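Dear colleague,

Please find the structure below. My notes on it follow.

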Amino acid sequence: MSFSGGVATVDTPLLSHLSQSSVTLFQAKAQKQLTFEAIAQRLGRSEVAVAALFYGQAQASTEDIKKLSSILGIDEAQLAWQLQGCPDRGRLVDMPPKEPLIYRLYEIVQNYGYAYKAVLNEKFGDGIMSAISFSTKVEKETDDKGDWAVITMRGKWLPYSRF
């Protein structure tokens with residue numbers, strides 16, 4: 001990911017792994033100099049959900065396509081053709097990830113995964129947190145020690161069933 005005046009654009013090496021819709025969306029986003037936050041506000045979705053659409057990792061509704069067409073100035077029929085269908089999730093990142101920020105998120109799970117699991121199991125019992133019935137948001141906090149990234153994840157608890 002690179003930045004153009006505070007607007008995230010896609011890194012050239014990643015292009016070979018992305019769908020045509022990603023290229024179309026990122027080009028229009030860069031031309032319009034729009035942030036994911038600005039697009040999300042107009043689309044009525046979270047900025048992480050919008051970024052997931054851009055990376056082909058979330059499904060766009062008919063309404064999303066219509067609004068994105070208007071916001072980004074992309075032909076609606078072209079967007080519909082490129083964005084309809086099931087997303088291809090999970091193939092963009094090799095494991096372990098090599099991109100430093102994504103690696104740090106992975107490292108959080110490596111370092112604290114079992115601690116999260118133990119606390120969640122104590123609170124909810126035997127089960128897992130859904131990544132499908134899920135929402136997330138990213139916020140910025142600033143104090144006298146600097147800027148802080150606050151990532152909130154909210155997933156439906158799915159208890160394991162006995163069989």
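Predicted model: local features only at pLDDT ≥ 70, side-chain atom pairs only at ≥ 80, totals over all residues.

Residues are numbered from 1 along each chain as its sequence is written, and side-chain values use heavy atoms, with hydrogens and water left out.

Turning to the aromatic rings, rings of Phe, Tyr and Trp (its six-membered ring) pair if their centres lie within 6.5 Å; planes under 30 degrees apart count as stacked, over 60 as edge-to-face and the rest as tilted. The count comes to six aromatic pairs. One of them, F36 with F54, is edge-to-face, at 5.2 Å centre to centre and 90 degrees between the planes. This pair links distant parts of the chain, with F36 in helix α2 and F54 in helix α3 (residues 47-54), 18 residues apart. Helices (H or I, at least four residues) are DSSP runs, numbered from the N terminus.

F36 is buried at 11% relative accessible area, and F54 is buried at 0%. Buried means under 20% relative accessible area, exposed over 50%, and partly exposed in between (1.4 Å probe, protein chains only). F26, F36, F54 and Y55 form one aromatic cluster.

Finally, Q33 is found in the loop between α1 (20-32) and α2 (36-43). Q33 has a positive phi of about 55 degrees although it is not a glycine, and is partly exposed at 39% relative accessibility.

Yours sincerely

Notes. Helix = DSSP H or I, 4+ residues; strand = E, 2+ residues; numbered from the N terminus.
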